[in-house]
Amino acid sequence: MSSYFRPKIGTFKAAGAIAVGNVVIGGADNAHVAISASGSAKNIGIAQSASVNAEDLIEVALPGGGAKALAGGNVAFGDLLTSDGNGALVVTTTPGDRYVAMAMDAAVAGDLFSVHMVAGLI
């Protein structure tokens, strides 16, 4: 890891199984989160702990801090990242995508890597 940013963490209930590093969206209510399946979804953060079952409590990194993220493809330092169809982070330049982080490391699919949590719309 080339850098470290102190995380800004929120705790939520999982809507189901979620892996460390997955992008999450709001669930059925303000207490729950689910895995994101789209770059254009209302991505709110990145899971920093895993859930196996619905209702498990998980930590979610929110904008303004650092996080570990799960790469869904090749990533270069400084890339803006959003969710792929499985909740992993991929590079985006697509108009309408909501980015959730900026890469602070290079990574390939399956890597856990360092990101700075930022939110915006391409």
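User: Is D97 buried or exposed?
Analyst: D97 counts as buried because its relative accessibility is 13%; buried means under 20% relative accessible area, exposed over 50%, partly exposed in between (1.4 Å probe, protein chains only). This is a predicted model, where local features need pLDDT of at least 70, side-chain atom pairs count only at pLDDT 80 or more, and totals for chains, interfaces and linings use all residues. Residues are numbered from 1 along each chain as its sequence is written, and side-chain values use heavy atoms, with hydrogens and water left out.

User: OK, and where does D97 sit?
Analyst: In the loop between β8 and β9. Strands here are DSSP runs (E, at least two residues; helices are H or I, at least four), numbered from the N terminus.

User: Which residues does D97 touch?
Analyst: Leaving out residues up to four places away in sequence, D97 touches G39, S40, T82, T92, G120, L121 and I122. Contact means heavy atoms within 4.5 Å.

User: What joins the side chains of D97 and T92?
Analyst: A polar contact of 2.5 Å, that is, a pair of N or O atoms within 3.5 Å; within protein, one must be able to donate a hydrogen and the other to accept it, and residues adjacent in sequence count only if both atoms are side-chain atoms.

User: Switching to the sheet: what's the strand order?
Analyst: It's an open sheet of 5 strands, β6-β10-β9-β7-β8, with antiparallel pairing. Two strands pair if DSSP finds at least two bridges between them.

User: Which are the edge strands?
Analyst: β6 (66–70) and β8 (89–91), each pairing on one side only.

User: Which residue is the bridge partner of A67 in β10?
Analyst: V115. Also in β10, M117 stands opposite A101.
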